[in-house]
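This report describes selected features of one protein model.

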Amino acid sequence: MKLHLVRQLLEKVLLLSGLILVVSVSLPETSRAQQLVPDTRMALIVGNSNYNGEKLPNARNDAESIAATLQTLRFDVTLILDATQEDFLKKAEEFSQATIQRNANVVLVYYAGHGVQLAGKNYLIPVDSRISDIDTLVSDSIHFDELLKLVGRSSAFKMVFLDACQNNPFQDRIKSLEVGLAPPPDVSGFLIGYATQPGKVAYDGAGDNSPYATALLSYMHSSGREVLSVLADVNQNVRKETGGAQVPYVQFSVKPDFYFKPGPESDGDLEAGLWKLSVQQEDPRLIQLYLQRYPEGRFVDEAQTILERALKDTNGVLPTPSVGLASLEEEIWSNALASRNRALLQYYIERFPDGQYLEQAKTLVTQMMPDNPNNLTQSELCRRFATHPNDSTVIYRGVSLNLLAKNSGAAIHSCEQAVKDYPDVPHYKALLARARAAAGDTKIAVDLYQQAAAAGDTRALVSLGLLYELGQGLPKDLLKARELFERAYANGSADGAINLAVSLYNGTGGARDVPRAITLLEYASSEGAARATYNLGVFAKEGIYKTPEDAAAYFELAAQQGYAEGALAAAAIYDEGFHTDKSPQKASELLLSALTVDSGETLAKISSDARSWSRDTILEIQTRLQSAGYYEGTLDGVPGPLFNRGLESWRLYGGSPS
């Protein structure tokens with residue numbers, strides 16, 4: 001098996017690193033069963049937008065959205081909007097007393113608004129502040145340490161999230177203020193999260209919510225995920241949305257063992273989840289929502305075929321679906337929350353007029369911008385048009401270079417305006433560069449990439465490195481390419497790590513260094529980069545890294561990370577018994593799981609190469625297809641047309657491999 005290191009201009013894997021600062025660990029792990037015990041959850045949410053002479057438009061949206069979402073997660077929420085100093089202190093005192101009186105065991109505080117640091121201390125700014133110098137800053141603000149003391153009276157597990165420090169609003173008056181926030185004090189019993197690292201600037205965001213709030217809102221509702229796992233995903237999402245400029249920060253003094261939503265862990269594949277709901281319900285409206293959300297999705301061809309047939313059969317009128325089951329309500333609600341999908345929330349409201357989450361759904365819909373392009377800002381349109389698929393976030397799915405080329409005019413227009421509106425956000429220059437590259441304006445694209453790379457944007461660094469490596473728009477310079485990949489990796493880019501690993505393994509642009517190449521692939525794999533994991537499996541299989549016995553585990557992990565080739569490689573190992581026991585059961589599970597990972601390429605490969613698999617593995621697949629109602633042929637371990645149709649149905653409708 002050859003090393004599968006894909007080299008394709010501007011289309012590389014990008015998964016971003018998580019920054020978790022562990023101060024100390026002192027509590028033992030509790031069992032998952034304990035997490036299912038009902039608890040008393042209380043939250044204080046503050047959103048300050050309407051400051052004198054300046055507004056933070058998203059702070060109010062962030063607070064309202066966080067509050068509404070926490071209510072669905074059984075939090076008793078106190079929401080304060082545009083808090084004056086008096087109101088802030090009063091509500092915080094009342095909240096503190098209530099957490100003690102009610103013996104709360106989970107307490108959460110979220111603040112969106114201005115915050116500054118002075119002499120190593122942090123201050124949260126009320127909307128009625130009249131700050132002109134250091135004395136008035138101290139007297140007219142909320143001292144973060146004092147807020148922690150108030151909340152700290154409770155014996156509960158305590159979480160505090162600060163989505164602050166967008167900028168320093170008093171820079172013209174108080175020159176001694178430093179950038180961003182100071183590190184939080186080491187307070188026992190707390191988990192403290194910042195929207196970005198101490199001393200750095202966070203962004204308010206161009207959409208409905210800030211990058212940090214958007215990620216929190218999406219991942220808090222993931223079932224079966226411990227809080228640090230949730231925050232690791234929040235970190236990656238924020239990094240991708242900001243091109244590595246904003247890196248969330250977490251500090252805790254006890255080992256967190258908290259689940260926002262207890263229960264079985266979800267697989268996190270929102271696209272496959274929405275598709276499964278759509279096709280199993282045979283609901284054309286849901287299929288339309290799928291196509292709207294995922295215009296280049298894995299099931300687009302099937303969705304368009306089903307939708308066209310449904311409209312033809314009903315003379316162009318969408319049928320009204322039957323009343324949904326409670327399980328369907330929960331699945332639609334969870335998908336809508338996690339994907340921040342306004343249209344799906346509206347569908348929920350219409351489909352379940354007596355639903356248990358109806359009021360929260362109505363609240364969230366009013367906070368989200370309609371999906372109509374006429375209602376979107378130019379900066380948000382820029383992200384929708386030009387985001388790289390490997391940089392996709394919960395909101396911005398990413399588009400291929402081919403699709404971007406078709407819409408390059410609109411993308412360039414939107415991104416040029418975004419660059420003007422947000423000159424301090426280098427990621428918009430990287431997006432504009434990608435749009436220019438798609439339009440064939442290579443010279444302009446190179447200049448923009450260079451500007452964004454100089455500011456540390458990870459997408460620009462990787463893309464510029466690839467241009468130097470391939471000699472496209474620039475003189476071929478392998479040394480310069482390696483330097484750019486090195487910088488991207490230093491900024492936390494798994495994409496940069498993979499490209500640097502390729503350079504080191506092949507010895508291009510400098511000395512060959514296989515051990516470091518492996519270390520870089522390990523890093524990228526730990527950050528969820530499936531191709532890096534797959535390549536570690538190849539190294540293991542060939543005896544370059546660890547042992548051949550380890551290969552299957554790496555290939556399986558690559559499959560779990562969404563790489564179909566990993567599933568096929570692991571299935572081959574179990575099918576052949578390569579340095580492991582033969583297992584037709586595992587091989588069949590892996591092959592079936594790979595069917596929904598891509599747009600049908602794996603289905604075609606398995607169908608055409610079916611006779612290359614052992615009779616026992618084919619028999620196991622036939623049995624599983626028959627149990628799901630997709631196969632009516634003989635259980636003989638021999639593939640054929642009925643077998644292939646069964647695979648197609650499994651891909652289309654899903655199954656329950658056990």
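Asp267 is placed in the loop between β12 (249–252) and α8. Helices (H or I, at least four residues) and strands (E, at least two) are DSSP runs, numbered from the N terminus. The model is predicted, and local features need pLDDT of at least 70, side-chain atom pairs count only at pLDDT 80 or more, while totals for chains, interfaces and linings use all residues. Residues are numbered from 1 along each chain as its sequence is written, and side-chain values use heavy atoms, with hydrogens and water left out.

Asp267 has 71% relative accessibility and so counts as exposed. Buried means under 20% relative accessible area, exposed over 50%, and partly exposed in between (1.4 Å probe, protein chains only). In sequence, Asp267 and Gln561 are 294 residues apart, yet their C-alpha atoms are 9.9 Å apart in space.

**Strands**

Strand β2 (residues 41–47) has seven of its seven residues buried, so β2 is largely enclosed by the rest of the structure. On one side of β2 lie Arg41, Ala43, Ile45 and Gly47, on the other Met42, Leu44 and Val46, and all are buried, which leaves both faces covered.

Two strands pair if DSSP finds at least two bridges between them. Strand β2 runs parallel to strand β5 (residues 75–81), joined by seven bridges; β2 also pairs in the parallel sense with strand β6 (residues 106–112), over seven bridges. Gly47 has Leu81 as its bridge partner in β5 and Ala112 as its bridge partner in β6.

An open sheet is formed by three strands in the order β7-β8-β9, with antiparallel pairing. At its edges stand β7 (115–118) and β9 (142–143), each with a single partner strand, so one side of each has no neighbour in the sheet. Strand β8 (residues 121–124) is joined to β9 by two bridges, and the two run antiparallel. Leu124 stands opposite Ile142 in β9.

**Helix pairs**

Two packed helices are described by the angle between their axes and the distance between the axes. Axes are lines fitted to C-alpha atoms, for helices over the stretch in contact, and angles run from 0 to 180 degrees between N-to-C directions.

The axes of helix α8 (residues 270–281) and helix α9 (residues 284–293) cross at roughly 155 degrees and come within 8 Å. That makes α8 roughly antiparallel to α9. Angles under 35 degrees count as roughly parallel, over 145 as roughly antiparallel, 65 to 115 as roughly perpendicular and the rest as oblique. The crossing of α8 and α9 is left-handed; a crossing is left-handed if the near helix is turned anticlockwise from the far one by less than a right angle, and right-handed if clockwise.

Helix α26 (residues 584–594) and helix α28 (residues 615–627) pack with their axes 8 Å apart, at an angle of about 60 degrees. The two helices α26 and α28 are therefore oblique to each other, and α26 passes α28 in a right-handed crossing.

**Aromatic rings**

One aromatic cluster is formed by Phe75, Phe157, Phe258 and Phe260.

| Lysine | Ring | Distance to ring centre |
|---|---|---|
| Lys158 | Phe190 | 5.3 Å |
| Lys541 | Phe578 | 4.3 Å |

Key: Rings of Phe, Tyr and Trp (its six-membered ring) pair if their centres lie within 6.5 Å; planes under 30 degrees apart count as stacked, over 60 as edge-to-face and the rest as tilted. A charge sits over a ring if NZ of Lys or CZ of Arg is within 6 Å of the ring centre and within 35 degrees of the ring normal.
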